[in-house]
Amino acid sequence: MRWSSVVRQCRLDCVRVDLFGLSNMLFMLLLPVLSCVAALVLTVTGAPGQVAVSVSGGVSGMAAVMSWMSALRVNVAEENGGHRAMNGMIPIARTSQVAGRFLFLLVTCAMWTVDVMACSVFLAFGDMMDSGWAGAMIPSAVIFAFSLIVGSILMAFSYRFTFRAMMRIFVVVIVGLYALVALLSRLPFDWQGLLQGVADFMSVWWRAALIAVVLCVGVYCISAALAIRFYRAKEL
């Protein structure tokens, strides 16, 4: 697998979805501008900091979805258009095609993380957020980790299942997690104390950062390996 081929595939995917096109850039620029306007309005009106936190949460939530959805747009377009077989004509090896698409996922996650970071900086203007400037950067790190993990898993299974089937599986997993939480609340042991112990352990920033990095790298690499295996088994 050549790095140049991986970069070529990533650039091809950027062109396919017009990632750096005028419309996408204006849309991504709109969020920091609106956050700047909201920060100025909140500063002038003397609104409480909870308003800024709510605005930041809304931006972060949208970015958490848009980041991995932007990367999956290529796979969805190939499936709906029925032209995935055209990839067999591209002078790029299958392994490089998958690696390039995962690099494309990394690019979209990074772009939306920068967008959230800019919004957080504007909303931290005038000390409106109680956590201060350092705390304003925490949502960016959380969004990047969440987007990369979810996007990697969905990207891998998009090479194995159709998009509709994959989203059904995703919904079942989410419902299963909620059911697991409900089950834990009924178990006869102090699971809340266990969670509190985990939270105390994660309260040290370098521990949380180390675990997040290991988790992100692990999920990213394993998902890429699975995607390569699924894609090689397909007939184009």
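Predicted model: local features only at pLDDT ≥ 70, side-chain atom pairs only at ≥ 80, totals over all residues.
Residues are numbered from 1 along each chain as its sequence is written, and side-chain values use heavy atoms, with hydrogens and water left out.

First, the overall picture. The protein chain has nine helices and zero strands, where helices (H or I, at least four residues) and strands (E, at least two) are DSSP runs numbered from the N terminus. Read from the N terminus, the order is α-α-α-α-α-α-α-α-α. Of the 236 residues in the protein chain, 38% are buried; buried means under 20% relative accessible area, exposed over 50%, and partly exposed in between, with a 1.4 Å probe and protein chains only. The chain exposes about 13,600 Å², and carbon and sulfur atoms supply 73% of that area. Accessible areas come from the Shrake-Rupley method with a 1.4 Å probe, and for residues only the protein chains shown count as cover. Taking contacts between residues at least 6 apart in sequence, 82% join residues at least 24 apart; a contact means heavy atoms within 4.5 Å.

Axes here are lines fitted to C-alpha atoms, for helices over the stretch in contact, with angles from 0 to 180 degrees between N-to-C directions. Residues making the contact include Trp3, Val6 and Cys10 of α1 and Gly100, Leu103 and Phe104 of α4. By class, the contact of α1 with α4 has nine nonpolar, five polar and three charged residues. Ala, Val, Leu, Ile, Met, Phe, Trp, Tyr, Cys and Pro count as nonpolar, Asp, Glu, Lys and Arg as charged, and the others, Gly among them, as polar.

Also in helix α1 is Arg11, which is exposed at a relative accessible area of 58%. Arg11 and Arg101 are 90 residues apart in sequence and 9.3 Å apart in space, C-alpha to C-alpha.

The second pair is helix α4 (residues 94-123) with helix α6 (residues 138-158), packed at an angle of about 155 degrees with axes 9 Å apart. The angle makes α4 roughly antiparallel to α6. This crossing is right-handed. Among the residues in contact are Phe102, Leu106 and Met117 of α4 and Ile143, Phe144 and Met155 of α6. The contact of α4 with α6 divides into 13 nonpolar, six polar and one charged.

Two single residues remain. Asp18 lies in the loop between α1 (3-16) and α2 (22-45). Phi of Asp18 is near 55 degrees, a positive value in a residue other than glycine. Asp18 is partly exposed, with a relative accessible area of 40%.

Arg164 sits in helix α7 (residues 163-184) and is exposed, with a relative accessible area of 64%. Arg164 and Val76 are 88 residues apart in sequence, and 9.7 Å separates them in space, C-alpha to C-alpha.

Terms used
Parallel < 35°, antiparallel > 145°, perpendicular 65-115°, else oblique. Left-handed = near helix turned anticlockwise from the far one by under 90°.
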